[in-house]
Amino acid sequence: MMQNDRASAMLGMVVEHDAPGESRVSMTVRDDMLNGFAITHGGLVFTLADTAFAIACNEDERVTVAGGADITFLKSTTAGQTLTATAARRARSGRTGLYDIRVTDETGDLVAEVRGRSITTDRRPLAADATSAIRARSARHAEVAAEDVQIAEAPSTSPAASTPNPAPERDEALTTTEVSR
């Protein structure tokens with residue numbers, strides 16, 4: 001799962017521990033992670049906890065996703081500090097699970113607590129080659145869209161140029177169902 005997690009990689013998250021039902025993930029807070037009050041944006045604290053939660057609850061060949069989560073913020077942090085999220089399974093029954101995630105700073109002080117609820121699906125993880133194909137297809141769509149913008153912005157110099165050109169051929173976009181497979 002983490003091999004394809006570009007969001008966590010972009011935020012500089014490091015997986016320190018990964019075992020069935022538990023995980024530990026850390027992240028150093030950067031200047032661009034601060035909100036307007038110069039403290040770590042709460043959404044990024046939650047994102048760190050959510051990543052640890054995802055690792056802990058994806059412990060077999062089936063895809064498990066969050067069914068819900070609640071967060072309590074207890075201490076603010078700022079740039080330069082290292083946050084660590086530690087997730088632990090509390091219960092798992094059938095397709096549902098319950099996980100506690102503690103986010104601490106580098107001194108061990110509690111920054112936030114999260115209670116996560118998981119739902120195990122019938123899906124299997126996306127293969128690396130399928131992920132690459134989706135990314136390539138998305139890149140092609142972005143290139144075509146950029147070309148459309150350039151064509152639309154080009155000045156018209158002749159009456160024939162004002163005739164609308166048909167849009168370049170495109171592959172159909174992936175549906176939500178296709179992406180989730």
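Tyr-99 is buried in this predicted model, with a relative accessible area of 1%, where buried denotes under 20% relative accessible area, exposed over 50% and partly exposed in between (1.4 Å probe, protein chains only). Phe-53, at 2% relative accessibility, likewise counts as buried. Residues are numbered from 1 along each chain as its sequence is written, and side-chain values use heavy atoms, with hydrogens and water left out. Because the model is predicted, local features need pLDDT of at least 70 and side-chain atom pairs count only at pLDDT 80 or more, whereas totals for chains, interfaces and linings use all residues.

The protein chain contains four helices and six strands, arranged along the sequence in the pattern α-β-β-α-β-β-β-β-α-α. Helices (H or I, at least four residues) and strands (E, at least two) are DSSP runs, numbered from the N terminus. Of the 181 residues of the chain, 25% are buried.

The strands form an open sheet in the order β1-β2-β4-β5-β6-β3, with antiparallel pairing; two strands pair if DSSP finds at least two bridges between them. At the edges lie β1 (14–19) and β3 (64–73), each of which pairs on one side only. From one strand to the next, the twist averages 15 degrees. Strands β4 and β5 are joined in the antiparallel sense over nine bridges, and Val-103 in β5 is the bridge partner of Ala-85. Helix α2 lies across β1, β2, β3, β4, β5 and β6, and runs at about 150 degrees to β2. Axes are lines fitted to C-alpha atoms, for helices over the stretch in contact, and angles run from 0 to 180 degrees between N-to-C directions.

The largest nonpolar core has 24 residues, of which Met-27, Leu-48, Leu-83, Ile-101 and Val-103 touch the most other members. Such a core is a set of buried Ala, Val, Leu, Ile, Met, Phe, Trp, Tyr and Cys residues joined through side-chain atoms within 4.5 Å. Helix α2 gives the most to this core, with nine residues. Not counting residues up to four places away in sequence, the contacts of Ile-101 include Ala-49, Ala-52, Phe-53 and Val-114, contact meaning heavy atoms within 4.5 Å.

One aromatic pair was found. Phe-53 and Tyr-99 form this tilted pair, at 5.5 Å centre to centre and 55 degrees between the planes. Rings of Phe, Tyr and Trp (its six-membered ring) pair if their centres lie within 6.5 Å; planes under 30 degrees apart count as stacked, over 60 as edge-to-face and the rest as tilted. Phe-53 lies in helix α2 and Tyr-99 in strand β5, so the pair ties together parts that are 46 residues apart in sequence.
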